[in-house]
Amino acid sequence: MNDKTRGGQFIVKETKCEDVFTPEDFNEEQIMMRDSVKEFVDKEIWPNKNRFESKDYAFTEETMKKAGEMGFLSVAVPEAYGGMGMGFVNTVLVCDYISGATGSFSTAFGAHTGIGTMPITLYGTEEQKQKYVPKLASGEWFGAYCLTEPGAGSDANSGKTKAVLSEDGTHYKITGQKMWISNAGFCSLFIVFARIENDKNITGFILENTADNGISFGEEEHKLGIRASSTRQVFFSDTKIPVENMLSERGNGFKIAMNALNVGRIKLAAACLDAQRRVTSGAVKYANERIQFNTPIAQFGAIRLKLAEMATSCYAGESATYRAAKDIEDRIAVREAEGTSHQESELKGVEEFAIECSILKVAVSEDVQNCADEGIQIFGGMGFSEDTPMESAWRDARIARIYEGTNEINRMLSVGMLIKKAFKGHVDLLGPATKVQEELMGIPSFDAPDYSELFAEEKDMLTKLKKAFLMVAGGAVQKYGPDLEGHQQLLMAAADILIEIYMAESTILRTEKLAKKEGETNVQEQIAMAKLYLYKAVDVITQKGKESIISFAEGDEQRMMLMGLRRFTKYTNMPNIISLRETITTKLVTENEYCF
């Protein structure tokens with residue numbers, strides 16, 4: 001197994017810029033795909049934004065049918081079942097660019113192609129795939145995913161919906177209530193999770209949505225955002241599902257649900273990217289046109305700060321999302337080359353990078369909210385009005401921190417999974433953590449390092465930040481052992497450190513790769529964004545590291561660790577933050593859009 005393709009290892013290894021995939025590496029097919037998706041959105045979705053905002057559910061369905069005709073619903077589906085059978089990067093790419101105009105469509109798209117179709121392609125039998133996947137891939141049918149219940153949200157395995165085998169053994173009867181079901185209003189097929197007898201784990205089923213089978217619906221939910229995404233409660237009363245429609249095997253439902261969510265998480269991160277590009281571009285255009293005190297507000301430092309930060313978080317999100325997407329694609333290829341089935345390869349490939357998927361879900365969903373929030377602020381009073389697209393972007397962004405596992409759950413998962421990988425021997429955390437402890441006891445080097453090469457100091461800083469993570473997480477594991485998962489506030493702080501390291505490293509590596517290709521002088525703005533992102537990451541890590549250390553260590557150990565934290569977060573040459581922001585905004589304002 002190719003070692004560089006292991007998930008979670010970024011925290012203990014140095015990654016070379018040649019080994020990361022970036023948006024600048026898209027091939028011709030990917031660029032064509034991106035452009036056709038953008039054209040579709042600009043023609044079919046963006047001009048009709050008001051129809052989505054006025055809860056025109058039928059229009060969402062109609063637009064989904066058009067997306068199906070264009071083949072956009074079938075990108076990830078193998079050719080054997082009527083799909084395009086494209087690689088994982090293409091799947092993420094389509095999800096990115098199709099999701100930028102409205103969260104209503106992007107939710108319908110994501111629920112259908114991800115959790116609605118994928119469980120069958122990944123876990124279905126050959127018969128199930130032949131029967132259902134072509135209809136889902138073409139958009140003839142739409143899918144929905146019934147997991148959440150009134151009493152089972154984050155604790156997904158606690159669902160009460162029952163599946164009882166009929167006396168003649170030909171079908172199961174399902175009874176129970178599901179809520180927050182996306183696409184419920186127009187779907188032909190449900191992936192339903194229910195419990196058989198008193199099984200420890202739930203079981204997955206494929207259910208066709210037919211009349212007179214004991215399926216009924218609540219009214220459409222009135223929601224803060226994603227208003228034209230159909231969201232309803234679904235009630236099952238002795239609903240019959242043939243035994244051959246069980247998905248995978250009995251008791252495997254929780255596993256199916258979790259793996260479907262892993263893929264959902266990286267796709268959700270991707271779905272927040274084009275929204276950020278569009279919001280940033282809209283804010284730049286407005287700032288260039290809006291005159292106050294006889295000056296376009298784009299010339300004011302207070303506005304320039306916002307634009308620089310908005311662009312930087314978007315650039316970082318792109319960098320990390322496409323890095324992980326390609327790592328997953330490569331991992332799938334390695335598995336397939338070893339003779340594993342496509343189904344199993346894709347499952348294991350995504351599972352391998354579950355840590356990165358959780359990191360991305362948290363980081364990018366929070367960035368898109370901040371971006372839309374600043375977008376409203378730049379528009380001022382106009383931003384608060386429904387006449388500008390900012391307020392709907394802000395409302396639509398809010399759900400991204402809740403669905404596909406809340407950001408709190410994903411924070412704890414990212415660190416929890418990393419620690420599990422360490423115990424299994426997949427990622428050596430213990431060795432490096434011990435080395436960091438020894439280093440803290442030793443005398444620091446006072447040699448002036450040679451930082452003449454681009455990003456030499458930044459990469460040195462990343463190495464130190466990884467040590468800070470190992471010191472904090474290692475200290476917490478040593479103190480609490482397996483009980484650490486009961487200390488959620490520590491896990492959350494450690495997760496924030498882990499997230500910032502992955503995002504900052506991805507941004508720096510993308511930019512270094514770009515600078516080697518285009519020449520440093522031609523990518524000054526990207527270099528500025530990478531440096532700005534790292535500086536802010538160091539701030540977060542300093543704060544979260546300190547909060548952790550003073551909460552679980554005391555006396556000499558605490559003093560030692562705080563000293564280590566200072567050492568690991570110390571710049572030799574501080575960047576000039578205002579000047580970095582100026583470089584970024586000057587480019588944005590000149591190009592009149594997000595242009596990276």
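These legends describe close-up views of one predicted model.

Residues are numbered from 1 along each chain as its sequence is written, and side-chain values use heavy atoms, with hydrogens and water left out. Because the model is predicted, local features need pLDDT of at least 70 and side-chain atom pairs count only at pLDDT 80 or more, while totals for chains, interfaces and linings use all residues.

**View 1. Helix H3 and its packing partners.**
Helix H3 covers residues 57-69, which makes 13 residues. (Helices are DSSP runs of H or I with at least four residues, strands are runs of E with at least two, and both are numbered from the N terminus.) From first C-alpha to last, H3 reaches 19 Å, close to the 18 Å expected at 1.5 Å a residue. (The expected span is 1.5 Å times one less than the number of residues.) Tyr57, Phe59, Thr60, Thr63, Met64, Ala67 and Gly68 of H3 are buried. (Buried means under 20% relative accessible area, exposed over 50%, and partly exposed in between, with a 1.4 Å probe and protein chains only.) An α-helix has 3.6 residues a turn, so residues three or four places apart point the same way. The buried residues of H3 pack against helices H1 (28-45), H2 (49-53), H5 (103-116) and H7 (126-138). After H3 comes Gly71, with a positive phi near 90 degrees.

Glu44 sits in helix H1. Its relative accessible area is 14%, so Glu44 is buried. Glu44 touches Phe59, Thr63 and Lys66, not counting residues up to four places away in sequence. (Contact means heavy atoms within 4.5 Å.) Glu44 and Thr63 are 19 residues apart along the chain, yet their C-alpha atoms are separated by 7.2 Å.

**View 2. The enclosed helix H4.**
How many of the eleven residues of H4 (residues 88-98) are buried? Eleven of the eleven are, so H4 is largely enclosed by the rest of the structure. Among these buried residues are Phe88, Asn90, Cys95, Asp96 and Tyr97. The buried residues of H4 pack against H1, H5, H8 (253-271), H9 (273-289), H10 (301-337) and H11 (342-352).

Thr117 lies in the loop between H5 and helix H6 (118-123). At 4% relative accessibility, Thr117 counts as buried. Beyond its neighbours within four places in sequence, Thr117 contacts Val77, His112 and Leu136. Glu149 lies in the loop between strands S1 (143-146) and S2 (162-165). Its relative accessibility is 7%, so Glu149 is also buried. Residues up to four places away aside, Glu149 touches Gly159, Lys160, Thr161, Gln177, Lys178, Met179 and Phe193.

Asp212 has a phi near 40 degrees, a positive value in a residue other than glycine. The loop between strands S5 (203-208) and S6 (215-217) holds Asp212. Is Asp212 buried or exposed? Asp212 is exposed, with a relative accessible area of 80%. Phe455 is not a glycine either, and its phi is positive, near 65 degrees. Phe455 lies in the loop between helix H15 (430-441) and H16. At 2% relative accessibility, Phe455 is buried.

**View 3. Helices H16 and H18.**
Helix H16 (residues 456-480) packs against helix H18 (residues 524-552) at an angle of about 20 degrees, with the axes 11 Å apart. (Axes are lines fitted to C-alpha atoms, for helices over the stretch in contact, and angles run from 0 to 180 degrees between N-to-C directions.) H16 is therefore roughly parallel to H18. (Angles under 35 degrees count as roughly parallel, over 145 as roughly antiparallel, 65 to 115 as roughly perpendicular, and the rest as oblique.) H16 contributes residues including Met461, Leu465, Ala468 and Val472 to the contact, and H18 contributes residues including Leu534, Val538 and Ile541. By class, the contact has 13 nonpolar, three polar and three charged residues. (Ala, Val, Leu, Ile, Met, Phe, Trp, Tyr, Cys and Pro count as nonpolar, Asp, Glu, Lys and Arg as charged, and the others, Gly among them, as polar.)

**View 4. Helices H15 and H19.**
The axes of H15 and helix H19 (residues 555-568) come within 10 Å and cross at roughly 95 degrees. H15 and H19 are therefore roughly perpendicular to each other. Val436, Glu439, Leu440 and Met441 of H15 meet Met560, Met563, Gly564, Arg567 and Phe568 of H19. This contact has six nonpolar, one polar and two charged residues.
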